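Please look over the sequence and the model below. The text then walks through the charged pairs, a metal site, some backbone elements and a surface patch.

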Amino acid sequence: MTLMTGKQYEDSLRKLKLKIYLQGELVENPVDHPIIRPSMNSVKMTYELALDPQYEDLMTATSHLTGKKINRFCHLHQSTEDLVKKVKMQRLLGQKTAACFQRCVGMDAINAVDSVTFEMDKKLGTDYHNRFVKFLTRMQEEDWTVDGAMTDPKGDRSLPPNKQADPDLFVRVVEKRQDGIVVRGAKAHQTGSVNSHWILVMPTIALGPEDADYAVSFVAPADADGIFYIYGRQSCDTRKLEGGDIDVGNKQFGGQEALMVFDNVFIPWENVFLCGETEFSGALVERFAGYHRQSYGGCKVGVGDVLIGAAALAADYNGANKASHVKDKLIEMMHLNETLYACGIACSAEGYKTASGNYQIDLLLANVCKQNVTRFPYEIARLAEDIAGGLMVTMPSEKDLRHPVIGKVVEKYFRGVPSVPTEHRMRILRLIENMTLGTAAVGYRTESMHGAGSPQAQRIMIARQGNLEQKKALAKAIAGIPAK
Ligand code: SF4
Ligand code: FE
């Protein structure tokens, strides 16, 4: 069953015994919980589109391990063409969900762990790569969603893991046994964690020898003993409990983050891919982050496409669509959005083959991509709010629109052009609100800032990869200054 249907995916989640706390309560049935369900629908879309013949080329790939057709989210990139298709797939899914569809973190994690474990085994004679390939083979066969878990809570940012007042603020090995290890700690902001079958944990920073206990990478079933989740709140999330479908803006889809806690979790050796080899921690972080910074050149662009469309409709619906400044704002939004896409495509096209055989993106261009993502969606959102007008945040509720008496008043006073029903105008404005201020703003705005590393993390990489010395040499050569 290398390709699950959406229904099979949903059913597979129902079989998991996930321990999820949401607003102080243990959730009995996560799949049908009104706050969680839209995020599950987003991941489900990654399964449904893979079975749609018109998207087959983007959504599926041929496994280099088995030759079988698999979901691209389970694939190791075998060429720069694969890297480009990954970005196109993410744009497509952003367009279809207008939300974070969560499954990319696992794809980015497997691609990073593959090349790093290969290089580690070669240098140190360890056996991590074989173990990883066995896991990957199962992941591809079962079409699992895997949560790539990197971000530790980190406590006092001025201190390394071993100097923290609380030693659990980074995930660590607390016991090594003959049959495996016991880990404790937590991963924060875990995208898609409650919609995943497995978790792939990686360290969050480059580590020194004194932090050997923190240099750990492993996989665990999402419902393993000792793992639990505390669901993250999102702006306006309780609107999903109201039962309507206008005020939520995007009824069907959403994203999801949670704190993932490891309370003395046993991991058998076969599922451990790094344990104490601190010198490889940095490479793992850098490669995973690089892939995820590439990812944003796809997913955020797809969500941006929906937001631009919504802004254009808002202008159509209130009769402002002919105004030259509105047209120009839409042009600016498209320009910014396509610039992000250009970065995602560029870092993919300039990718290179790693020693293990899979393809890595161009790190400098991926970091430039993500750095732009920390800015442009904000400007696109600002322009969308500008075009939408204040009604986006002052409009009465769906219940008022449906009310037997005041409904007529809402209908009358919030109509724009006569040919468009007031309800359509309300729906579009609520969608813009959702993407700029509501639940989807988590993915489109703040995650654009901090997801895959905060802006400073990219600036460090740009400084490292930018080759300033070569640029100085170029200037010297042109200006007639001796090289030495
Ligand atoms: Fe995928 Fe984008 Fe969500 Fe990251 S933020 S998991 S790249 S959709
Ligand atoms: Fe992310």
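Searching the whole structure gives 36 salt bridges, each a side-chain nitrogen of Lys or Arg within 4 Å of a carboxyl oxygen of Asp or Glu. This is a predicted model, in which local features need pLDDT of at least 70, side-chain atom pairs count only at pLDDT 80 or more, and totals for chains, interfaces and linings use all residues. Residues are numbered from 1 along each chain as its sequence is written, chains are lettered from A and ligands numbered from 1 in the order in which they are written, and side-chain values use heavy atoms, with hydrogens and water left out.

Start with Glu 56 and Lys 69. Their side chains form a salt bridge of 2.7 Å, N to O. Glu 56 belongs to helix H3 (residues 56-59) and Lys 69 to strand S4 (residues 69-71), so this pair ties together parts 13 residues apart in sequence. Helices (H or I, at least four residues) and strands (E, at least two) are DSSP runs, numbered from the N terminus. Glu 56 is partly exposed at 34% relative accessible area, and Lys 69 is partly exposed at 37%. Here buried means under 20% relative accessible area, exposed over 50%, and partly exposed in between (1.4 Å probe, protein chains only).

Next, go to Arg 402 and Glu 423. Their closest N and O atoms are 3.1 Å apart, in another salt bridge. Arg 402 sits in helix H12 and Glu 423 in helix H14 (residues 422-436), so the pair links parts 21 residues apart in sequence. Arg 402 is partly exposed, with a relative accessible area of 46%. Glu 423 is also partly exposed, at 22%. Elsewhere, salt bridges with shared partners join Glu 10, Arg 14, Asp 32, Arg 37 and Lys 44 into one network.

Now find the hairpin. Strands S6 (residues 172-176) and S7 (residues 180-187) form it, with three residues between them. The two strands pair in the antiparallel sense over four bridges; pairing requires that DSSP finds at least two bridges between them. Glu 175 stands opposite Val 182 in S7. Arg 177 and Asp 179 form a salt bridge, with closest N and O atoms 3.4 Å apart. Arg 177 is partly exposed at 35%, and Asp 179 is partly exposed at 42%.

Which residues hold the iron ion (ligand 2) as protein donors? They are His 292 (NE2), Tyr 296 (OH) and Glu 447 (OE), at 2.3 to 2.7 Å from the ion. Donors are N, O and S atoms within 2.8 Å of the metal (3.2 Å for Na, K and Ca); water is not among the atoms, so sites may look incomplete. The donor spacing in sequence is H-x3-Y-x150-E. Tyr 296 lies in helix H7 (residues 281-318) and Glu 447 in helix H15 (residues 441-450), so the pair ties together parts 151 residues apart in sequence. Tyr 296 is buried, at 2% relative accessibility. Glu 447 is buried too, at 13%.

Move on to helix H17 (residues 468-479). Its twelve residues reach 16 Å from first C-alpha to last, close to the 16 Å expected at 1.5 Å a residue. That expected span is 1.5 Å times one less than the number of residues. Just after H17, Gly 480 has a positive phi of about 75 degrees.

Finish at the loop between helix H12 (398-402) and helix H13 (407-413), which holds Val 405. Val 405 is exposed, with 57% relative accessible area.
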